[in-house]
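My plan is to look up a few features and write down what I find.

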Amino acid sequence: MCELRRPSRSELQALSGDMVGFWRTQTLLAAVELGLLHGLPGTTEQLAERCKLPVDWCARLLRALGELGLVSRQGTLWRTTERGALLHPEHPLSLQEAASHWGRDCSRLWEALPTALRGDANWKPPSFFEQLAKEEARLESYHRMMASYARHDYGALAEHLPHLTSGTVLDAGGGTGTLLHELLHRRPELQGVLLERPEVARLATVPPSLSGRLQLRAGDLFQPWGVQAEAIFLTRVLHDWEDEEALRILIRARESLQPGGRLYAVELLLGTAEPDMSGGLLDLHMLVSTGGRERTEAQFHALFERAGLRLIERQSIPGGIHSILTVTRDGLTPASSSLP
């Protein structure tokens, strides 16, 4: 008996698949907005009735979700897979809000990519955070999404910083405080300050278990922070900004850093060794969404130096895409002019 080997995917097929990547994004968005996964397990007919969909069209959506590995069928019964469960709002790492963010809030931003890359004088990056501040529901959704990512990415961050056991930790631009909460729970001798924009600070709460140890502070990263700390975290903050704005934030961080203290910048590092091109797509996303950028380690080194800071250690976070850049201010002064 002759067995035919399944042909490998051609370059044309691979490229075509990349071109229709938005099919996946929009299918996830539809499933979330229709509440389809909330009704599982169930038959096609039951799900169609719950979601008020024609049975045939409900079956079409379920087939697409099956192709994406989000649901499986056993006989007539549909169930969520482990991956599909991440779209349920009650999951501790729920990505329901992320499906809406990527599928609705961000998709149109990419249409401006050619204009942005040309450096067209008429194109300006969106005022992303200012726009969020004007839409309460969207603001809350965005920070629920960011909290899920933080729980996944930074839950074990304390394990990589064994020497951080006492003093005040300032989490600047730390969202609603997921990282800081975890760090304070693991290190009972630490005190914490969460610095965020006023509209975000209003969303943050102090858990009863951290009462007396955690302070919420509304402020502007570009203005004096008005607090001193032995350790400062800038977690995925610098990539939101171009170099001059990132430099201003770093100088403010230096002002707030106690002598002998450490600044921890948690960032993705762009690959530099061939053929590592990792981070390139996220870099373009930062361009069209905030005007920011991802950076190489050498670019961070130069940026820190301009701010009067010195990179002394880089740690990769196992199982993730981020690195911890440990920085000191000792014996250095900013190369750039002082800020107002």
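**Entry 1: the cavity**

I am working from a predicted model. Rolling a probe the size of a water molecule over the atoms shows where empty space is left.

I noted the volume next: the largest cavity comes to about 40 Å³. Which residues line the largest cavity? I listed Y154, G155, L157, A158, L179, E182 and L183. Sorted by class, this lining has five nonpolar residues, one polar and one charged. I also checked which element gives the most to the lining, and I got helix 9, residues 178–186, with three residues.

**Entry 2: helix 13**

I moved on to helix 13, which covers residues 297–306. Which residues of helix 13 are buried? I wrote down F300, L303 and F304. Viewed down the axis of helix 13, these buried residues fall within an arc of 100°, so they line one face of the helix. An α-helix has 3.6 residues a turn, so residues three or four places apart point the same way.

I then turned to the face of helix 13 directed away from the buried side. The exposed residues A298 and E305 sit there.

What do the buried residues of helix 13 pack against? I found helix 11 (243–256) and strand 8 (257–268). I also found strand 9 (310–316) and strand 10 (322–328). Last, I looked at what follows helix 13, and noted G308, whose phi is positive, near 80°.

**Entry 3: E97**

I picked out E97 and placed it in helix 5, residues 96–105. Is E97 buried or exposed? Its relative accessible area is 16%, and the cut-off for buried is under 20%, so E97 counts as buried. I looked up its contacts too. Leaving out residues up to four places away in sequence, E97 touches S141, R144 and M145.

**Entry 4: the record**

I checked UniProt for domains. An unreviewed entry lists residues 20–87 as "domain: O-methyltransferase dimerisation". In the model, residues 20–87 are 51% helix and 15% strand. The end C-alpha atoms of that span are 22 Å apart.

The unreviewed entry also lists residues 132–309, as "domain: O-methyltransferase C-terminal". I computed 38% helix and 21% strand for residues 132–309. The end C-alpha atoms of this span lie 31 Å apart.

How values were computed. Residues numbered from 1 in each chain as written. Predicted model: local features only at pLDDT ≥ 70, side-chain atom pairs only at ≥ 80, totals over all residues. Heavy atoms only, no water. 1 Å grid on protein atoms, 1.4 Å probe; cavity = no way out; pocket = protein on both sides within 12 Å on 5 of 7 lines; lining within 4 Å. Points joined across faces, edges and corners; volume = space filled by probe spheres on them. Helix = DSSP H or I, 4+ residues; strand = E, 2+ residues; numbered from the N terminus. Nonpolar A, V, L, I, M, F, W, Y, C, P; charged D, E, K, R; others polar. Buried < 20%, exposed > 50% of the residue type's maximum accessible area, 1.4 Å probe, protein only. Arc of directions from axis to C-beta. Contact = heavy atoms within 4.5 Å. UniProt positions renumbered as here; feature names shortened; annotations may be inferred.
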